[in-house]
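Please find my notes on the model below.

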Amino acid sequence: TDNCQYWAGEIQYALKNYNQAIEAFNKVFGYKSNNKGAYAQYKLGLCYLNIKDSKKAVGEFRKVISNYPHQNDLVKKSQSFIEKYGK
């Protein structure tokens, strides 16, 4: 079910419905055991960038780093965004 919820967020993101994507990605965290948490967290950061809320975006990218340190690719991408927008 968490996979379905994540992909619902991806669809909204692809359609540039960023606020709906934020809602969908946030619902992923409601599932106790999920394998999409890291990706949902990262996509939340991208959604916030797209609605011009860099402060919230940086917060989401920081959560990727702290909550999912084993996701090397997402951590590196998140660090890059933090360096660019976190000032």
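**Notes on cysteines and helix 3**

1. C4 is in none; the nearest cysteine sulfur, that of C47, lies 18 Å away. That distance is too far for a bond.

2. Basis of these notes: this is a predicted model, where local features need pLDDT of at least 70, side-chain atom pairs count only at pLDDT 80 or more, and totals for chains, interfaces and linings use all residues. Residues are numbered from 1 along each chain as its sequence is written, and side-chain values use heavy atoms, with hydrogens and water left out.

3. C4 has 59% relative accessibility, so it counts as exposed (over 50%; buried is under 20%, partly exposed in between; 1.4 Å probe, protein chains only). C47 has a relative accessible area of 0% and is buried.

4. C47 is one of the buried residues of helix 3. In this helix, 12 of the 14 residues are buried, so the rest of the structure largely encloses it. The buried set also includes Q41, Y42, K43 and Y48.

5. What covers these buried residues? Helix 1 (2-14), helix 2 (18-28), helix 4 (54-67) and helix 5 (72-85) are among the covering elements, with contact meaning heavy atoms within 4.5 Å.

6. Helix 3 spans residues 37-50. Helices are DSSP runs (H or I, at least four residues), numbered from the N terminus.

7. After helix 3 comes K52, with a positive phi near 65°.

How values were computed: Helix = DSSP H or I, 4+ residues; strand = E, 2+ residues; numbered from the N terminus. Expected span 1.5 Å × (residues − 1). Disulfide = S-S within 2.5 Å.
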